[in-house]
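User: I would like to learn how to read interfaces in a model. Please start with the terms, then show me the case.

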Amino acid sequence: MASAPPIDEGLRSELQKQGIWVTSMQELYNWGRRNSIWPLQFGLACCAIEMIATAASRYDLARFGGEVFRPSPRQADLMIVAGTVTKKMAPQIVRLYNQMPDPKYVISMGACAISGGPFKQGYNVLKGIDRYIPVDVYIPGCPPRPEALLHAFMELQRKIDGQKLTGTGKAAFLDKTVPSEFPVPAFGAHDLEPPANADVFHPPKIERH
Amino acid sequence: MSLSTRAQHSAVEAPPGMPSRLDGELLEVSMGPQHPSTHGVFRMNVALEGEVVRRLKPVFGYLHRNHEKIGENTSYLGSMPYTDRLDYICSMSNNWGYALSVEKLAGIEVPERAEYLRVILAELTRLVNHASLLGFLLSDMGAWGTPLMYAFRERENILDLFESLSGSRMMCDYMRFGGCRCDLPPGWMERARKVVDGFPHFLDEFEQLITGNEILIARTQEVGKLSAELAISAGITGPGLRASGVNYDLRKVDGYGFYPRFKFRVPLGEHGDCYDRLMMRVLELRETLGILRQAMDDLPAGPIMNPKVKIRAFKPPVGEAYGRIEAPKGELGFYLISDGSGNPYRYRVRPPSLINLTVLEDMCLGHTVADVMVILGSIDIVMGEVDR
């Protein structure tokens, strides 16, 4: 869903034959961003091993410009939440997310990060990281195959391609009114306080007709 | 650089007017849970004097997924997929350990072919685990990328075998009490032989790259020494114990499965330092290849499942059982108490990773903070098993 080209496609193609390349700032900017996504080197559980396998030689995330895993959130664009999020770990994840500079994206990898997965009934397992931070791409699987992570990566690139820099509906990270940091949950008597951030978490409404 | 020169280095006089570096003031550093080399979400509170570790306190529980509680609330068969996620690098060994204890609890016989298949798969898992460990350990030491890429290249070949057999790359869920879930697909054995035959090439190449490497020797020899007495009294098992020179391998001691039928040696270390622990893995890989070849040659035909066992609605008699195997990381035990109902009354896992981690502080004291990562890497932990 790339945004509309700045000029007529046929004219652009004609100009390109003459060695003239016309583009818009937005297209150029998004092209650069989507081809150099630096993920946070951050593994939680089983899915992290598949994340490493994706970055390793057979699947080779470098083909998509995402091989530069940074251990510091200050240098990362993308957080891959790879594994079970426990209630002890959730505050640290929100804190890491807050430390990442804008624009930042989140891939929720695997059933555990989406909803708690097979460990959902556990008393110490968070039922999905989207309760505290906004998630851009979800990949189901336990664990998802490396191909699935590559697919999620491509979906994210498509999303970045479609982000507008100006006007109405511009990207959230350019909108001053949209928060880019979220409150860190605290350990309460029985559960994390609050159990979910109402500004972020919008569970689907089930309606019967 | 040996330990003695390092100690001299840290005792260098402070510049005039500055407080001495050895004035006894300790700097508290929290390493983890988000750290590139902690192998998951593990945290250590380290007290440093200059660069030297004076105190180290591990903090667990960032991956506590209630494995045992869930196991007590689900059927015996229902726990099998959860065991895959204990030590997520070696799911086949975990399956075997759990199946073994349920078989002990209910007195189930396993057909011969299934036992052979279990040996083959558990040893293939050992190849995966030790190869990945070597890659991770070297990347912790700063050899960014290359050794891990080599290790994962071999790992992918073995995971292909697991996938064609069980349908999943990592979470195989393959073994059942009383046998195995399904028989080998056509052509599997030929492919497995090819993988096993190609493995020594990787091992030779890898050994050539690491054994004579001066940096590796300086970083690992005489670092993180573990004496045999301490290792025994702390309950260390697996390659970490054998690196200290204690001849204890459950495959020989218990002789579970069909291991007494195979000829293999148990490599032993001398010094109990990180180098010995590293080389222990390389030597074990060579022995594992020998076991695999023997098992593949001898694999008999026949059923793979004991037909008398009803794995669904399975209700073992009242009693308790402890089954243990030599997992790649050490003694993996499952303790089950049955009250005669469909789910265990008590279900307890004895994880090798957690118990091997208890001596981390003893091994790290007096070394620099950079050595902590090497020592932790040489213990070989997986957080899924430590926290469960």
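Analyst: A salt bridge is a side-chain nitrogen of Lys or Arg within 4 Å of a carboxyl oxygen of Asp or Glu. Here A:R58 forms one with B:E156, with the closest N and O atoms 3.5 Å apart. The count between chain A and chain B is four salt bridges.

User: What conventions apply?

Analyst: This is a predicted model, where local features need pLDDT of at least 70, side-chain atom pairs count only at pLDDT 80 or more, and totals for chains, interfaces and linings use all residues. Residues are numbered from 1 along each chain as its sequence is written, chains are lettered from A and ligands numbered from 1 in the order in which they are written, and side-chain values use heavy atoms, leaving out hydrogens and water.

User: How many residues of chain A are in contact with chain B, and what is the buried area?

Analyst: The size of an interface is often given as the accessible area lost when the parts come together. Buried area is that loss (1.4 Å probe), summed over both parts. Contact means heavy atoms within 4.5 Å. In this model, 34 residues of chain A contact 33 residues of chain B. The area buried between the two chains is about 3,000 Å², and carbon and sulfur atoms give 62% of it. A:I49, A:R58 and A:F119 supply 19% of the area that chain A buries against chain B, more than any other three residues.

User: Which element gives the most to the side of chain A that touches chain B?

Analyst: Helices are DSSP runs (H or I, at least four residues), and strands are E runs of at least two, numbered from the N terminus. Helix 3 of chain A gives the most to that side, with six residues. A:E50 lies in this helix, residues 46–55.

User: Is A:E50 buried or exposed?

Analyst: Buried means under 20% relative accessible area, exposed over 50%, partly exposed in between (1.4 Å probe, protein chains only). A:E50 counts as buried because its relative accessibility is 1%. Among the residues that A:E50 touches, not counting those up to four places away in sequence, are A:M109, B:R155 and B:R169.

User: What about the domains of chain B?

Analyst: Domain bounds come from an automatic or database domain assignment. Chain B has domain 1 (3–59) and domain 2 (67–387). Their C-alpha centres lie 33 Å apart. 18 residues of domain 1 of chain B contact 20 residues of domain 2 of chain B. About 1,800 Å² is buried between these domains, 69% of it from carbon and sulfur atoms.
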